[in-house]
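Please open the structure in a viewer and keep the selection panel at hand. The stops below follow one another as a guided tour.

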Amino acid sequence: MKKLYLVKPLPVGVINPLIYGHFSEHIGGVFYDGIWVGEDSSVPNIHGFRKSLVEAFKAVRPSVLRWPGGCFAETYDWRDGIGPRHSRPTRINWWYQNDGRMEPNKIGTHEFVEFCRLVGAEPYIAANITSTTPLDIRDWIDYCNSPKGSTAYAKLREANGSPEPLNVKYWGVGNECWGGGGNMEPEIYAHEYRKYAMIMRNSAPGLELFACGPNANGWHWTERFLRVFDTSSHIMNGYSVHYYCGASGGCLDFTNDQFYHLLSKASFMNHIVNQTWNLVCGFNCQNQCPLVVDEWGCWHPGGSGPTKGYNLFEQQSTMRDALVTALTLNIFNNNCEKVKMANTAQLVNNLHCLFLANKENFIVTPTYHVYDMYKEHQGATAIKTAFDQEEIIYKNPDNQREEKLAKLSVSASVKDGALLLTVANLSLTDAEDLELESVGMTLGSDADITILHNDDVHAHNTFDAPDAVTPIQTTAKADVIHVPPASVVTARIRIG
Ligand code: AHR
């Protein structure tokens, strides 16, 4: 039995609902046969969007969806994606060299925003600053946001079926500009950012602009970028960070050490968030640079998904991926005064996805269930937790050295007269009983418990067995919360 202190008088901050955001790129099977089946499809759809996916996604209350990439964004011309669908041009997709697939532009700005509205998410557009000009981006913003009838682009938008503004508030100024997005030096990007952001800000009121930050803990990028970025001009509302914890073993086939090693790499997100934030504070840029972790997740070797590699980057999602999801969301909750937005990559038929879909088949993954179990954290006040952490010792499979991994990942928040406690137990062998000790609040005697667990951490959902990993709901006395090995457990308890 371990005491877990829940300290209400020590709020960390409000958990921005945008932390529970997602990412959808024009790549492999994300849109075509994933989100989009087309209006004439025999697959049940809403205006061409896969109905089962719309309904399941809406149920986890996605706050924001990023689009159209990713790297795809960096050769995307938004004008290709407007007007009658049958007359839109087919182009070479950024990822063409990887999978030989072309971009038919059936999904464009209107369709993307419509999908966002259907599921209740705010649209977030990553603008192409590598191969289109500031004027092109100004025109895109004009097209999206200018009042009905006010400009030539507003009239074009109306002619294309949307008289009212699409009201896109969140805009990324490039994507991975240290790599696929122009291969820039940070100083060059800082100048580009200032140029684009100045024009973008003046193209519509109330926009929020996000700068491209580092890959993982690439602090050199942040330091060199912030040296050149002019804080006095105040044209940044967030600083993007990407981190893929990568792979360890196969997606479906991994040893115990590989299991722990992946979770250890996922835990590194805590260091990335804090190190990047320390630098931001060092430059006194806290107001301009709240962190926007707009791509994160596992990146397993391809081929484990239903199309066996046809859909680029498509991967399965096991109980191990659910634990990565839970511990990453706990890190964001516990650092919610630093993290403004986070987008798991990517939504369907891709890396770390919530859904797998192929023709009439559709399933939710264990990662989806974690989002569902955590959704009440959105907009809640995160509070501090304290407990004696234990460490798991395992052998790093890459070098056979002994390494340590914290056994429990915990976060807690209060909202609407209830506490939500979310726990990931990373031990493969040891259960944990947490004796709750509340400070500054009185907890009710009963807890609504949800448990995501499978005796086999390789377990995953398939079209034939869609509920192999599915949560169990129960009620229990709130004084002690039982957490099985390798499980995610949430407890919702009324505050007296
Ligand atoms: O999510 C796949 C790719 O990973 C994205 O296009 C890119 O931004 C990142 O490198």
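Select Gln346 first: this residue sits in the loop between strand 13 (339-345) and strand 14 (355-358). Strands here are DSSP runs of E with at least two residues, helices are runs of H or I with at least four residues, and both are numbered from the N terminus. The peptide bond from Ala345 to Gln346 is cis, with omega near -5 degrees. The model is a predicted one, in which local features need pLDDT of at least 70 and side-chain atom pairs count only at pLDDT 80 or more, whereas totals for chains, interfaces and linings use all residues. Residues are numbered from 1 along each chain as its sequence is written, and side-chain values use heavy atoms, with hydrogens and water left out.

Which residues are around the ligand? They are Phe23, Glu25, Gly70, Cys71, Trp95, Asn175, Glu176, Tyr244, Glu295, Trp299, Gln346 and Leu351; a residue is listed if one of its heavy atoms lies within 4 Å of the molecule.

Next, display the polar contacts, defined as pairs of N or O atoms within 3.5 Å. A polar atom in the side chain of Glu25 is 2.7 Å from an oxygen atom of the ligand. For Glu176, a polar side-chain atom likewise lies 2.7 Å from a ligand oxygen atom. At Tyr244, an N or O atom of the side chain is 2.8 Å from an oxygen atom of the ligand.

The peptide bond from Trp67 to Pro68 is cis, with omega near 0 degrees. Then select Arg61, in the loop between helix 1 and strand 5. The phi angle of Arg61 is near 55 degrees, a positive value in a residue other than glycine.

From there, colour helix 1 (residues 51-59) and helix 3 (residues 109-119), whose axes come within 8 Å and cross at roughly 55 degrees. Axes are lines fitted to C-alpha atoms, for helices over the stretch in contact, and angles run from 0 to 180 degrees between N-to-C directions. Helix 1 and helix 3 are therefore oblique to each other; angles under 35 degrees count as roughly parallel, over 145 as roughly antiparallel, 65 to 115 as roughly perpendicular and the rest as oblique. Leu53, Val54, Phe57 and Lys58 of helix 1 meet Phe115, Leu118 and Val119 of helix 3, where contact means heavy atoms within 4.5 Å.

Select helix 6 (residues 186-201) and helix 7 (residues 219-228) next. Their axes come within 8 Å and cross at roughly 45 degrees, and the two helices are therefore oblique to each other. On the helix 6 side, the contact is made by Pro186, Glu187, Tyr189, Ala190, His191, Tyr193 and Arg194, and on the helix 7 side by Trp221, Arg224, Phe225 and Val228.

Terms used: A polar contact is a pair of N or O atoms within 3.5 Å; within protein, one must be able to donate a hydrogen and the other to accept it, and residues adjacent in sequence count only if both atoms are side-chain atoms.
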